[in-house]
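Colleague: I would like to go through this model feature by feature. Please give the general idea each time, then the case at hand.

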Amino acid sequence: MRYAVKSGLGFSTSLLTSWNKSQVERENNKDYNQVLLDVQRSLRRFPPGMPDEQREGLQEELIDIILVVLKRNPQLHYYQGYHDIVVTFLLVLGERIATALVEKLSTHHLRDFMDPTMDNTKHILNYLMPIIERVNPEVHDFMQQAEVGTVFALSWLITWFGHVLSDFRHVVRLYDFFLACHPLMPIYFAAVIVLYREEEVLECECDMAMVHHLLSQIPQDLPYETLISRAGDLFVQFPPSEMAREVASHDSMAASTFKDFDLASTQQRPDSVLRRRRKQKQAALERSAANAVVTVNRPSVSRRFVRLAVMGLTVALGAAALAVVNSALEWAPKLDLFP
């Protein structure tokens with residue numbers, strides 16, 4: 001009779017034993033603690049009004065997907081923001097299909113973000129300013145003068161904008177677009193957003209902290225279809241193969257600026273860090289002027305040859321993935337994702 005006893009949750013003793021082993025295996029994963037923290041902080045990524053029990057179940061599935069993909073692919077390294085991408089596919093596709101698609105994306109479109117260092121991620125960010133320069137030199141020069149760099153677009157890139165857009169419909173539309181395109185399309189879309197906000201940028205005070213703060217706040221009422229079309233046009237006009245040489249010589253991501261991001265991401269206030277850094281630089285200049293000693297330090301620019309990483313899905317696979325996601329959207333009403 002003891003083997004027929006059920007727990008209060010309806011599980012048999014053997015199932016509970018299996019669950020305990022699975023839980024121990026999860027907790028022994030080197031990324032488990034960080035993944036758990038990120039997933040626990042991802043409440044805003046779930047539809048408002050979703051029952052807590054349902055959301056908590058999905059969060060457990062989210063953890064499982066991430067850990068399964070990492071276990072099967074030990075060459076991949078988890079990064080904060082990866083869960084923002086995975087949760088989008090989980091909500092639309094369900095755990096089984098989402099796991100398969102996320103694994104494919106992690107070894108193709110997202111591969112550069114999952115290296116042990118951020119060198120390839122910084123390289124991709126370095127496409128941003130040359131694209132902007134080709135289209136609008138005035139905006140490019142203003143941003144260069146403000147020394148804003150490209151850190152403001154980092155979360156856009158590594159989460160496919162999932163972390164910064166509040167409307168799930170817009171997120172899913174962009175994911176459709178990125179799935180069917182070249183892996184570098186998100187950086188072209190980032191450039192299009194900056195160019196669309198030309199007036200706001202040029203009217204902003206030419207200060208690193210001010211411009212960073214402006215650009216890091218994406219308006220939620222953007223004309224997404226227009227911007228998607230524009231991004232596609234820019235990709236055809238200025239393909240990555242043509243931009244690679246400019247990217248290699250473009251100092252759009254200075255090392256000091258990226259160190260600012262590392263500090264900012266810890267404090268969750270990049271605008272404050274940048275503003276403090278600006279004030280420190282100004283104070284140093286004032287002290288130098290008081291001593292009647294003027295020194296101009298220009299950081300040395302080392303030209304680095306960076307390879308163009310083209311690790312994307314084939315057009316056929318991209319189209320197939322797009323079809324899968326579009327078909328899966330029919331399931332979305334079950335979660336009340338689209339009012």
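Colleague: Is D119 buried, partly exposed or exposed?

Modeller: D119 is partly exposed, with a relative accessible area of 48%. Buried means under 20% relative accessible area, exposed over 50%, and partly exposed in between, with a 1.4 Å probe and protein chains only. This is a predicted model, where local features need pLDDT of at least 70 and side-chain atom pairs count only at pLDDT 80 or more, while totals for chains, interfaces and linings use all residues. Residues are numbered from 1 along each chain as its sequence is written, and side-chain values use heavy atoms, with hydrogens and water left out.

Colleague: With which residue does D119 form a salt bridge?

Modeller: Side chains of opposite charge can pair when their charged atoms come close. The criterion is a side-chain nitrogen of Lys or Arg within 4 Å of a carboxyl oxygen of Asp or Glu. Here the partner of D119 is K122, and their closest N and O atoms are 3.8 Å apart. K122 is partly exposed at 25% relative accessibility.

Colleague: Where do D119 and K122 lie?

Modeller: An α-helix has 3.6 residues a turn, so residues three or four places apart point the same way. D119 and K122 are three residues apart, about one turn, in helix α6 (residues 119-125). Helices are DSSP runs (H or I, at least four residues), as are strands (E, at least two), numbered from the N terminus.

Colleague: How many salt bridges does a search of the whole structure find?

Modeller: The search finds twelve. One of them joins the side chains of R134 and E242, at 2.7 Å from N to O. R134 belongs to helix α7 (residues 128-135) and E242 to helix α15 (residues 240-249), so this pair ties together parts 108 residues apart in sequence. Both ends are partly exposed, R134 at 31% relative accessibility and E242 at 36%. Another salt bridge links R169 and D167, at 3.1 Å from N to O. R169 is partly exposed at 40%, and D167 is partly exposed at 22%. Through shared partners, salt bridges also join R134, E242 and E246 into one network.

Colleague: How many residues does the largest nonpolar core have?

Modeller: In soluble globular proteins, nonpolar side chains tend to be buried together. A nonpolar core is a set of buried Ala, Val, Leu, Ile, Met, Phe, Trp, Tyr and Cys residues joined through side-chain atoms within 4.5 Å. The largest one here has 91 residues, and those with the most contacts inside it include Y82, W156 and I187. Helix α11 (residues 185-196) gives the largest share, ten residues. Domain 1 (28-112) and domain 2 (117-266) both contribute, so the core lies between them; the bounds come from an automatic or database domain assignment.

Colleague: What is I187 in contact with?

Modeller: Contact means heavy atoms within 4.5 Å. Neighbours within four places in sequence aside, I187 contacts I124, L125, Y127, L128, I131 and L157.

Colleague: How far apart are the end C-alpha atoms of helix α3?

Modeller: The expected span is 1.5 Å times one less than the number of residues. For the 21 residues of α3 (residues 52-72) that should be 30 Å, and the end C-alpha atoms are 30 Å apart, which agrees.
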